[in-house]
Amino acid sequence: MNLIARWLPRSLFGSVFFIYSASLLLFTLTALGFFYYYQFTQAVDDSYDSASILADVVAPTLSDSVVIGDYDTVKRTLAKAAVGDIFSSAEFIDINGGKVRVENNSRRPIRAPYLISVQVSARLISINRNISVGGRDYGVFRLNFAPEFIANQIWTVTKVSLLLAALCLLAGLFLIWIPLRRIVSDLAATAEFAGELASHLGSLLVVDSNVRETQALAAALNRVSQELTAQHQALTDSEVRKSAIMEAALDCFITINDAGEIVDFNAAAERTFGYRADEVRGVSMSEVIVPPELRGAHEQGMRHYLTTGIGPILRQRIEITGIRRNGERFPIEIAVVPFEAEDRQYFAGFIRDITERKTFEAEQARINELLKKSVRELEYQKFALDQHSIVSITDARGVITYINDKFADISGYSREELVGSTHRIINSGLHSAAFFEEMWNTITAGEVWHGQFVNRNKGGDTWWVAATIVPWLDGDGRPYQYVAIRTDITAQKQVESALAEARQRELETGSEIQRSLLLGDLPEGIHGTHLATYTEPSQGIDGDFFAITQFRPDCFELLVGDVMGKGVPAALIGAGVKSTYNKVLAELFSQRANEHQLPTPAEIINALHQNLTQRLIELNAFVTLALYRFDCAAGVLSFVNAGHTAGLLARKSTSQVELICGDNLPIGVIQDEIYTQHTLPIEPGDAILVYSDGITESVNQRKEEFGIQRLSGILQAAHAASIPPSSLLQSIRQEVRNFVGNNVLIDDQTAVIVEIQPRRTAPRGTIEQRVAPSLLILPWRLDGLSPLRTAISTAACRLAPVDVDALILGCFEAATNILRHAEPYFSDATIACRLMQEADEFSVELIYPGPTFKPPDNPTPDFSGNSEGGFGLYIMNNCVDQVDYFSLMPGISSIRLVKRRSEAPAA
């Protein structure tokens with residue numbers, strides 16, 4: 001104390017002013033500290049509570065939008081949620097890690113000190129709500145706080161408080177300065193009067209104070225001062241505490257007297273009810289905050305308490321309705337405590353606005369009811385699912401953790417046998433490892449897998465299922481378990497298999513009928529030509545057809561057609577057209593029985609047009625036709641083209657390919673069409689290719705058509721290489737397949753090629769004419785090679801029998817090697833055999849589809865018996881004089897065997 005006393009000024013004015021200033025500053029700083037702590041805590045708690053309520057309100061809207069995939073609504077909802085200044089952003093994170101984030105760009109710049117921002121950031125964390133509908137997680141809704149804004153709020157209030165405290169401090173010091181100066185100036189007179197009073201009372205006080213004025217005054221007023229100071233301090237402390245509690249309270253605090261008049265009305269009450277305290281002091285409380293319909297009961301209750309001392313609602317928390325200044329009614333919670341002061345009855349009311357709580361409770365009740373309803377629905381869905389589907393759950397390693405009763409029933413295993421095992425226990429062994437690898441890769445990547453596979457039960461029987469495997473992902477997006485839902489489709493698979501077999505039998509039968517009725521076999525006995533055909537329907541049965549009619553050994557005609565459409569209906573129309581063609585031919589021949597003159601192609605097509613067009617129009621169908629008549633003796637090709645694709649004519653003399661075009665419409669388009677014919681000269685060595693648009697309009701993966709240019713190029717190359725017609729058609733088929741790739745054929749394909757050969761000048765011909773090159777077509781199978789023996793024996797008339805046998809053996813070895821080692825492009829592939837007799841040698845050329853064989857330099861077989869390789873080539877090289885291997889054109893190869901004459905043939 002002495003140390004403090006030494007620092008005090010010597011004058012009373014200075015001492016009092018110093019002590020007052022220090023005390024006022026200390027209390028002000030302490031109050032500011034408590035006020036700052038309260039404001040900081042309240043701002044953080046209010047922000048967190050507001051964000052929690054907003055998250056609960058927004059979450060259902062997000063759930064509805066996410067379920068239907070309406071991410072535009074999600075973004076708008078997030079934008080509305082993030083509009084508050086306390087938020088920096090709002091975002092939705094789906095279960096795959098994708099984000100929809102909306103930033104709040106309306107926030108004000110940071111002005112708060114860094115320390116306050118750090119403290120706020122440490123107290124606030126983001127608000128997260130799981131978005132889950134029907135038990136399925138769709139993601140997380142997150143509200144991110146803007147700590148800088150909350151720090152700004154706290155700093156703003158703190159600055160205002162500091163400013164007000166500084167102003168109050170200065171005002172207090174200024175106010176104490178003036179009276180203190182006046183009091184000190186009058187102290188002398190006061191001391192004299194006090195001295196007289198003290199001496200009159202007969203009591204003097206001795207003080208140790210060094211202050212001159214205090215020494216004079218303290219002797220007289222010490223006792224009075226002490227008591228008055230104590231009483232004043234007690235009263236001041238009480239008033240300060242009361243004032244601080246009332247103003248700082250979050251709840252409304254209202255005090256009324258026994259007349260019902262308002263005495264105290266704190267700041268919270270002002271904010272809640274909309275009145276200022278000075279407006280309502282002395283006004284009856286029932287007129288301020290009690291709704292009109294409750295005022296009578298309120299006043300009656302007060303009178304009853306004042307009369308009897310009994311108040312049923314006193315000292316209890318009750319919920320009633322309050323009214324604001326603007327007439328708005330709202331729920332409040334009130335507790336009333338009676339007390340007496342200054343011989344008068346008072347009532348202190350503590351009131352809380354519970355609007356938000358009631359709203360929250362109502363929303364919580366609604367959510368709980370929805371949750372209960374969802375749980376019931378999930379239970380019903382699980383029951384329904386268990387009744388229909390086979391359900392199992394595995395952990396991340398594939399170990400079964402749950403199965404339903406249907407799984408156990410269909411598998412034949414008990415629940416104890418299945419749980420803890422993997423699905424290998426029901427593996428049928430009918431699927432490849434790649435199948436399960438693809439399935440596992442899909443689900444471990446967090447994606448849903450759909451597919452069908454076959455299992456095997458405990459008894460060894462198989463059963464088919466359609467399965468959906470759904471991975472459940474953790475917060476990091478990694479699967480932690482897999483739910484497999486399967487449907488037994490064994491009966492469906494059996495029906496599908498039976499239907500597929502029936503469909504295949506139907507297609508095979510229809511295809512055979514079509515081949516017999518619409519296509520038929522190539523006629524024999526046509527002199528001076530080589531013919532080859534192929535047809536490939538897009539649906540097993542098609543509307544393409546052709547017919548070859550022979551009028552004389554060296555005169556025939558070729559009818560080709562393509563019906564609009566596909567499948568059985570098109571095939572039936574094609575059969576009808578072909579039948580009508582035969583009928584028209586018969587009628588025209590009968591009309592010219594005495595003229596010995598063939599009907600022209602134009603007459604035949606026009607007759608077909610008259611018979612078919614009206615009916616085709618009624619069927620909403622049409623047919624493209626082309627009729628080619630080959631007169632090999634006259635060297636003339638006459639034709640009529642009714643909307644069919646242009647034919648291609650490969651000229652031997654020019655090595656060029658010409659288009660054979662027509663200018664008529666298809667049959668079945670208009671009734672008044674008149675069909676005209678054209679003629680072209682043809683000569684030995686020329687080849688005519690007739691085809692359907694299914695070949696030229698085949699499309700590859702780049703949407704390019706095969707086109708007539710590619711087809712013309714193949715024909716030109718084959719004609720230059722003297723490729724037989726059958727081999728040429730196989731080359732065309734393969735080129736189309738290579739061009740199309742994985743695309744499916746969308747239209748039927750048909751092609752017919754006619755190659756004009758030299759004519760014999762005599763009925764039987766000379767030996768040279770009889771041994772002119774001949775062509776033999778062999779099927780692609782070992783048991784179809786026997787005609788080769790007969791053809792060689794007949795044609796090799798200049799070779800000795802032993803040479804003929806050796807040649808036959810060598811040719812058979814070459815043909816069997818082709819069949820065993822070459823990979824044909826099609827199941828109906830053939831081998832073309834060209835037999836050529838020259839002056840002193842005989843050659844057999846085997847032309848086949850496939851790569852060219854390259855024999856080793858010294859093909860020596862292994863005679864030890866340890867291996868089988870090399871014998872075929874050894875036999876071939878030792879049976880004939882020369883073996884040549886050629887690549888005639890891409891995809892077409894040949895083996896040519898030559899046997900030279902060693903002696904004159906036997907007579």
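The legends below describe close-up views of a predicted model. In this predicted model, local features need pLDDT of at least 70 and side-chain atom pairs count only at pLDDT 80 or more, while totals for chains, interfaces and linings use all residues. Residues are numbered from 1 along each chain as its sequence is written, and side-chain values use heavy atoms, with hydrogens and water left out.

View 1. Helices (H or I, at least four residues) and strands (E, at least two) are DSSP runs, numbered from the N terminus. Strand β1 (residues 87-94) and β2 run antiparallel and are joined by five bridges; two strands pair if DSSP finds at least two bridges between them. S89 stands opposite E103 in β2. Four residues lie between the strands of this hairpin, and G97 takes a positive phi near 90 degrees. Buried means under 20% relative accessible area, exposed over 50%, and partly exposed in between (1.4 Å probe, protein chains only).

**View 2. Surroundings of Y138.** Y138 is located in strand β4 (residues 136-145). Y138 counts as buried because its relative accessibility is 17%. Beyond its neighbours within four places in sequence, Y138 is in contact with V66, V67, F92, I93, D94, I95, I131 and V133, where contact means heavy atoms within 4.5 Å. A separation of 8.9 Å lies between the C-alpha atoms of Y138 and N96, which are 42 residues apart along the chain.

**View 3. An open sheet of five strands.** The order of the strands is β6-β5-β9-β8-β7, and the pairing is antiparallel. β6 (262-265) and β7 (317-323) stand at the edges with a single partner strand each, so one side of each has no neighbour in the sheet. On average, neighbouring strands of this sheet are turned by 30 degrees against each other, direction ignored. Axes are lines fitted to C-alpha atoms, for helices over the stretch in contact, and angles run from 0 to 180 degrees between N-to-C directions. β7 and strand β8 (residues 329-341) run antiparallel and are joined by seven bridges. R317 stands opposite A335 in β8.

**View 4. Two helices on the sheet.** Helix α11 (residues 292-308) packs on the sheet and touches β5 (252-257), β7, β8 and β9 (344-353). The direction of α11 makes about 140 degrees with that of β9. Helix α12 (residues 355-388) lies across β7, β8 and β9, and runs at about 135 degrees to β8.

**View 5. Aromatic pairs.** The structure holds 14 aromatic pairs. Rings of Phe, Tyr and Trp (its six-membered ring) pair if their centres lie within 6.5 Å; planes under 30 degrees apart count as stacked, over 60 as edge-to-face and the rest as tilted. The ring centres of F435 and W449 are 5.9 Å apart and the planes are at 85 degrees, so this pair is edge-to-face. F435 is in helix α15 (residues 433-444) and W449 in strand β12 (residues 449-456), 14 residues apart. W449 is buried, at 4% relative accessibility. F706 and F739 also form an edge-to-face pair, with 5.5 Å centre to centre and 80 degrees between the planes. F706 is in the loop between α19 (693-696) and α20 (707-720), and F739 is in helix α21, 33 residues away. F706 is buried at 2% relative accessibility, and F739 is buried with a relative accessible area of 15%. One aromatic cluster is formed by F435, F436, W449 and F453.

**View 6. Charged ends over rings.** A charge sits over a ring if NZ of Lys or CZ of Arg is within 6 Å of the ring centre and within 35 degrees of the ring normal. The charged end of K493 sits over the ring of W464, 4.6 Å from its centre. The charged end of R789 sits over the ring of F812, 5.2 Å from its centre.

**View 7. S731 in helix α21.** S731 lies in helix α21 (residues 725-740). At 4% relative accessibility, S731 is buried. Apart from its neighbours within four places in sequence, S731 is in contact with I714, M889, P890 and I892.
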